[in-house]
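Here is a short briefing on one protein chain and its surroundings. Keep the sequence and the 3D view open while reading.

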Amino acid sequence: MVIEIDYSEVTGKKANCPEGCGMCCLCQPEVLPEERNFFRTKYPKNLVKSRTEDQHFALAMKKGKGSCAFLNGRKCDIYQNRTTFCKQFPFHFYVSDRIRVEMDLSCRGVWDTEGADAMEQAKVLAEASERRLSKALVEASSVYKEFYSICKETGVMCDVSQLRMSVSENISSFTNLGYVAKVLNQSLEEPKMSLDGITPDAKYDEKELNEAAMEASMGSMGSDDPLSVPVYCDKDFNWNMFMANGNTIEWAIMDDDGELHHKGFVDARDIQLKEPDEEGKKVLADYIQILNGRDSFLGNVFYMMDDLGYEDDMGNTYYGAMCVTIIDLLWRASMLDHFFGFGMGAEGMKEAIIFYDMDRLDAPTIGAFV
Ligand code: SF4
Ligand code: SF4
């Protein structure tokens, strides 16, 4: 069977894996049923149940919280036999009522201009997982069909391609905090909003927007479990972790043995949401364009609509989610600037996306990553 896959996100891109990184080995890889026997026979102690709700089989992590137990000297001890999910990184196959490849921008290797052709790599991976992808497509298509039918019944349905088109036409406006503040307010106040005619609010409430951004960012840091908090893999491949306790954010670096080394604290209220400069805005605009094309972003919007009982219009939820994503990213960029001094130019935005994208891809959706 030949399945159709949308490769547009990876077309023309390269994907490299520089030596000494190992960041993706901090994500506990699932072990598929057909892979279990190898680990059960050869490495029984390293085959464990995940701590996620579905308790799937996964590889053990060092001290239960560090990198994968097979990572030594930032090299994989079982490289030829690593799991399918290890092989797939940084590609993710998002299954909705179609299949689309998305590329994890938290992987520093995808920012390299060197490396193998990303689309060719993704095609090889898709072929190896064709059976699983086909099965997931049948299941996810039925979930999407039901979702759209509820949206029509409840009157919250919109034309998805129109929503994407309107964001696309206003991409540069979305890099302006006054515009984001206006869209966010309208998404909450208007019953059925449109982007037509919206201009930036020059007098937006900075304090209110800062608080909303802080809340969005702190949500993902609010755990003392290193497996659950966001990781920022820096240029020297240090694994930086940020953990929030109340308003205090602790910055620590995890070493190869799974130990955390304290680096600093900041009171989140001391971080001020900053707007990028002109070069930073170009990087941000490119990222918004990628998000706007991602089916997983849409799947997350649909998840929120379902979670909130189909009370909100699809357009309002879509534009609102885009705004929250932007202020979350910019708040993180402002935090990285506080700790590392990257600024809010092209470099600061690139590093913030590297910090953020893995969490963005991890957001709940009504579809599935396979
Ligand atoms: S995150 Fe990317 S660069 Fe780093 S080890 Fe994984 S694939 Fe390689
Ligand atoms: S099996 Fe190898 S590639 Fe996969 S997470 Fe573990 S160390 Fe990394």
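The points below go from the whole chain to single residues.

This is a predicted model. The protein chain holds eleven helices and 14 strands. Its radius of gyration is 21 Å, close to the 21 Å that the globule rule gives for 370 residues, so the chain is as compact as a globular protein of that length.

**Overall build**
- The C-alpha trace of the protein chain spans about 60 × 50 × 40 Å along its principal axes.
- Buried residues make up 39% of the 370 in the protein chain.
- Take the contacts between residues at least 6 apart in sequence: 69% of them join residues at least 24 apart.

**Nonpolar core**
- The largest nonpolar core numbers 93 residues.
- Val 180, Ile 326 and Ile 327 have the most contacts inside this core.
- Helix 10 (residues 314-340) gives the most to the core, with 14 residues.
- Beyond its neighbours within four places in sequence, Val 180 is in contact with Phe 174, Cys 323, Ile 326 and Ile 327.

**Ala 244**
- Ala 244 belongs to strand 11 (residues 239-245).
- Ala 244 has 20 other C-beta atoms within 10 Å, and 20 or more is the cut-off for buried, so this residue counts as buried.
- Outside the four places on either side in sequence, the contacts of Ala 244 are Met 218, Met 221, Gly 222, Ile 249 and Ala 268.
- Asp 224 is 20 residues away along the chain, yet its C-alpha atom and that of Ala 244 are separated by 7.6 Å.

**Shell of ligand 2**
- The residues around ligand 2 include four cysteines: Cys 25, Cys 68, Cys 76 and Cys 86.
- Pro 29, Leu 59, Phe 70, Leu 71, Ile 78, Arg 82 and Thr 83 are also around ligand 2.
- By type, this shell divides into nine nonpolar residues, one polar and one charged.

**Backbone features in loops**
- The peptide bond from Phe 89 to Pro 90 is cis, with omega near 10 degrees.
- Pro 90 sits in the loop between helix 2 (84-88) and strand 7 (91-95).
- Arg 74 is a residue other than glycine with a positive phi, near 60 degrees.
- The loop between strand 5 (71-72) and strand 6 (75-76) holds Arg 74.
- With 14 other C-beta atoms within 10 Å, Arg 74 is partly exposed.
- Phe 237, again not a glycine, has a positive phi near 65 degrees.
- Phe 237 lies in the loop between strand 10 (231-233) and strand 11.
- Phe 237 is partly exposed, with 14 other C-beta atoms within 10 Å.

Notes:
Residues are numbered from 1 along each chain as its sequence is written. Chains are lettered from A and ligands numbered from 1 in the order in which they are written. This is a predicted model: local features need pLDDT of at least 70, side-chain atom pairs count only at pLDDT 80 or more; totals for chains, interfaces and linings use all residues. Helices (H or I, at least four residues) and strands (E, at least two) are DSSP runs, numbered from the N terminus. The radius of gyration is taken over C-alpha atoms; the globule rule is 2.2 Å times the number of residues to the power 0.38. A residue is buried if 20 or more other C-beta atoms lie within 10 Å of its own, exposed if 12 or fewer, and partly exposed in between; C-beta atoms are placed from the backbone. Two residues are in contact if their C-beta atoms, placed from the backbone, lie within 7 Å. A nonpolar core is a set of buried Ala, Val, Leu, Ile, Met, Phe, Trp, Tyr and Cys residues joined through C-beta atoms within 7 Å. A residue is near a molecule or strand if its C-beta atom, placed from the backbone, lies within 6 Å of it. Ala, Val, Leu, Ile, Met, Phe, Trp, Tyr, Cys and Pro count as nonpolar, Asp, Glu, Lys and Arg as charged, and the others, Gly among them, as polar.
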